[in-house]
Structure formats: C-alpha cells, structure tokens
Amino acid sequence: MGTRVFPRSPTIAVALAVCATVAVAAVLGTVDPWLPKIGLFAGGADLHVYRDGGWRVLHGLPLYGGPVVLGLLYTYTPFSALAFVLLERIPGAFVDDLWMVVNLGVLAGCILLCWRILGYRITPYLLLVTALTTVTCTFVEPVRTTLFYGQINLVLMLWVLWDFSRPERSILRGVGIGLGAAIKLTPAFFVILLLALRQWRAAAVATSVFAGTVALAWVVVPRDSSRYWTSTFFDSTRIADDAHPSNQSLRGTLTRLTDGQAPPWLWLILAGAVAVVGLVVSVRLYDRDERLLSVVLGGLTAAVVSPYSWSHHWVWLVPLMVFVMHRAVSGNGRWWFACAALFVSTAAWPYWWGPNFAVVGLFLYPPSWPVAFLLQNIYVLVYVPVLAAAIRMVTRRTQTRPILRSVVTDPPAPDEAALLCYRESA
C-alpha cells in the first residue's frame with residue numbers, strides 16, 4: 001500500500017488535460033491516420049509478423065527459412081511464436097484495432113505501476129492523472145511507433161515493472177522478466193540487474209522461467225529452436241543496416257560516426273563500459289530508494305548497449321517522464337522544464353518529404369541538415385544527460401542538518417540591585 005498521496009492540484013490537472021488534447025490533435029492531425037505506410041491506423045506490420053509466426057507453428061512451417069508475411073524476416077525467439085498463436089486466433093479484421101486498444105491499456109498500466117513503485121497511493125485523482133498522462137504519451141515517438149507497428153514492447157515493459165513493483169521476497173518476482181526475455185531477449189538485461197542487486201531468488205526465478213520457455217519451444221518446434229540458437233541468434237544482419245538512423249543504439253551511433261569503419265571490438269568495449277556504469281549506478285539508485293529511476297536506467301541502458309535498438313525499444317522514456325513528474329510535484333517545479341524538454345526531444349514530430357509521404361521522428365529528418373548528426377542519434381544523446389544526472393544523484397553527499405546539543409552552563413550571577421528590591425518588597 002502506497003504511503004504518498006499525489007497532490008490534488010487543479011493547475012496540474014488542467015495542464016495535463018491541455019497536453020492530452022494537444023497530443024491527440026498532433027497524433028491525428030499532423031499525419032493523416034489512414035495515410036498508407038505511416039498513418040497510425042494504416043500500420044500493424046509487426047503485429048502481422050507475430051501472427052504469421054503463430055500460424056507457421058500451427059502448420060509446421062519453418063520460422064527462419066526465409067521471409068514471412070510482408071517479405072519480412074522473423075527475428076524473435078521460437079517460444080515467441082508459440083505465444084503468438086493466441087494472436088493468430090483473433091480474426092484479421094479485428095486484430096489491429098483490438099491490439100491497439102490493448103496497447104493503450106498496457107501503457108496506462110505501466111504508468112500506474114510507476115506510481116506504485118514510487119510509493120503513491122492509487123486514488124481517483126491519480127487515476128485521472130494517469131489517464132491524461134497516457135493520452136499525452138501517445139505522441140511520444142516510441143509509443144506512437146509501437147501503436148503504429150502493433151509492437152509488443154509496452155507489454156514487455158509492463159512485465160518488468162510488475163516484477164519490480166512486487167515485494168522483494170515475493171516468489172513471483174522475476175516471472176515477468178523471464179517471460180519478457182523469452183519473447184525478446186532485451187529484457188534479459190534485468191536478470192543481470194537483479195544479480196547486481198543481490199536479489200538471488202528473483203534472478204533465479206527469471207532465469208528458470210526463461211530456461212523453461214526455451215525447453216518448451218525445443219520440444220514443440222525442435223528444428224526452429226536448433227536453427228535459432230545455433231545460427232539465427234548470431235546473425236545481426238537479419239535486422240537491418242547498423243548505420244540506418246532507426247538504429248538508436250550506441251553501435252548505430254558509432255557506425256554513423258565512422259561511416260561504418262569502426263571495428264567490432266571498439267563497440268564491444270564501449271558498450272561493455274556503458275553497461276557496467278549503468279548497472280553500478282542503477283544499484284546505487286536502488287540502494288538510495290530511487291527504485292523507479294533504477295529500473296528506468298536499466299531499461300534505457302539495455303537499449304543503448306543492444307546491437308540494434310529500434311526507436312520503439314525506447315518506450316522506457318515513458319517511466320522516465322513519470323519519474324520527472326514525480327520530482328516536479330514533490331516540491332521542485334524546475335523539473336517541469338526537464339519534463340517538457342524530454343517530451344519535445346522524443347515526440348513524434350513528422351517531416352513531410354512530399355504530398356503523400358512523411359516520416360515520424362527527429363532521427364529520420366533530412367540528413368542534409370547541419371544538425372542531422374544530432375537528430376540521427378537523438379535517443380543516445382538523451383541517454384547521456386540522464387546517466388550523468390543519475391551519477392550525480394548517487395555521488396552527491398547526503399545533506400545533513402547540524403545537530404542541536406543541549407549545553408549546561410552555570411546560571412548567571414543575580415543582579416544585586418534587583419535582589420535588594422525583592423527583599424524590601426517582601
């Protein structure tokens with residue numbers, strides 16, 4: 001049960017209502033939602049890849065032998081295809097809209113879990129704040145892109161947040177991380193974080209769940225499992241060109257910075273160093289009771305050090321915004337400026353290349369612009385000040401107030417004249 005109560009401020013409610021209204025207008029008004037290849041309601045490519053994976057399992061067809069639906073490659077684990085059988089059972093005429101509604105509900109659930117990790121009591125007013133924040137975040141580019149493609153990243157983030165919202169002694173803590181890693185490998189980074197936090201049982205639960213899913217898939221689809229874990233797993237070229245601006249990872253930045261000339265070992269050294277620093281800082285934050293920021297930094301670090309991070313992998317920016325909102329309402333209004341800067345730099349700003357073609361996201365803006373390098377690496381550049389601020393938080397000495405001590409002194413000598421007057425009056 002939370003101990004904090006979110007302040008009932010009409011100003012905050014009105015401001016969030018305005019932000020939510022502007023976000024809806026921006027999501028639906030800046031790009032025609034039915035525009036082919038980019039409109040919010042004209043997507044669903046990744047969702048149909050998921051469904052095709054489930055369909056192939058049901059019909060005994062290979063997952064990794066070649067392109068699946070829409071000419072795309074299946075890059076997820078064999079167990080994910082087993083899980084996606086549930087999506088395949090939903091009629092195609094309804095699955096896109098239904099999955100978008102589910103994703104919006106999951107987004108709201110993620111924000112609620114953030115408040116819970118921060119220790120807030122769930123009140124009707126906080127539910128209103130959550131609803132308005134959810135709508136506002138639909139114009140955050142990773143969220144908008146997740147909704148457009150029908151991605152599963154919000155679900156994976158929900159499972160991770162659910163784990164960290166549970167008591168440390170809970171026997172279920174770690175289940176969400178294990179399931180997330182079983183579908184997409186990136187959440188496995190949180191197993192390392194659990195080990196660094198010395199939460200051995202949670203780490204063991206997550207590892208056991210993951211191992212169990214691998215074993216289950218090996219029994220059900222042995223050929224696909226063998227091919228994935230011995231070949232496909234090591235083939236990064238199946239995803240996309242590392243230099244493409246959509247690769248918002250340290251490896252993508254390094255590739256673009258050196259025109260593809262950087263040796264692989266250089267990325268491994270840099271990514272390893274960032275991972276270690278991120279883990280150490282996350283542990284220190286957790287020890288200082290900044291648990292949400294600890295988890296958020298873990299999610300952002302996983303996106304940075306991953307070989308290939310699509311922009312929709314950066315949905316961890318939403319919990320980061322919740323944390324910044326928490327700091328703003330906790331007494332320091334200057335954090336609202338940080339929240340605004342974070343939103344502006346990561347929102348789904350469109351750029352129209354022609355009357356019928358647009359892109360969404362600053363990293364896809366024209367490469368001829370003088371600031372193109374900054375835009376193409378915008379998420380990595382956002383990560384840098386977040387990491388720097390987190391380092392400052394864990395290295396800053398705790399402010400201590402001076403302790404007042406009682407001092408016993410001899411009483412002052414009595415005034416002779418006052419004493420004489422007292423005797424005479426007596």
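Reader: Which elements cover the buried residues of H10?

Author: The cover includes H8, helix H9 (175-183), helix H11 (200-220), helix H14 (264-287) and H15. Helices here are DSSP runs of H or I with at least four residues, while strands are E runs of at least two, numbered from the N terminus. A word on the source: this is a predicted model, where local features need pLDDT of at least 70 and side-chain atom pairs count only at pLDDT 80 or more, while totals for chains, interfaces and linings use all residues. Residues are numbered from 1 along each chain as its sequence is written, and side-chain values use heavy atoms, with hydrogens and water left out.

Reader: Which residues of helix H10 are the buried ones?

Author: In H10 (residues 189-196) they are Phe189, Phe190, Val191, Leu193 and Leu194. Arginine 198 follows H10 and has a positive phi, near 60°.

Reader: What makes leucine 126 buried?

Author: Its relative accessible area is 0%, and buried means under 20% (over 50% is exposed, in between is partly exposed, with a 1.4 Å probe and protein chains only). So leucine 126 counts as buried. You'll find leucine 126 in helix H6 (residues 124-136).

Reader: What does leucine 126 touch, leaving aside its neighbours within four places in sequence?

Author: Phe6, Trp115, Tyr120 and Arg121; contact means heavy atoms within 4.5 Å. From leucine 126 to tryptophan 115 it's 11 residues in sequence and 8.6 Å in space, C-alpha to C-alpha.

Reader: Why is threonine 77 called buried?

Author: Because its relative accessible area is 3%, threonine 77 goes in the buried class. Threonine 77 sits in the loop between helix H2 (45-58) and helix H3 (78-83). Skipping residues up to four places away in sequence, threonine 77 touches Tyr64, Ala182, Ile183, Leu185 and Tyr228.

Reader: What makes a set of residues a nonpolar core?

Author: The members must be buried Ala, Val, Leu, Ile, Met, Phe, Trp, Tyr or Cys, joined through side-chain atoms within 4.5 Å. The largest one has 121 residues, and Phe6, Tyr74, Trp115, Leu161, Phe164, Leu292 and Leu300 touch the most other members. Helix H5 (residues 92-117) gives the largest share of this core, 11 residues. As for phenylalanine 164, its contacts beyond four places in sequence include Ile117, Phe190 and Tyr286.

Reader: Which helix gives the most to the lining of the largest cavity?

Author: H8 does, with 4 residues. Helix H8 (153-165) and helix H15 (291-305) each supply at least two.
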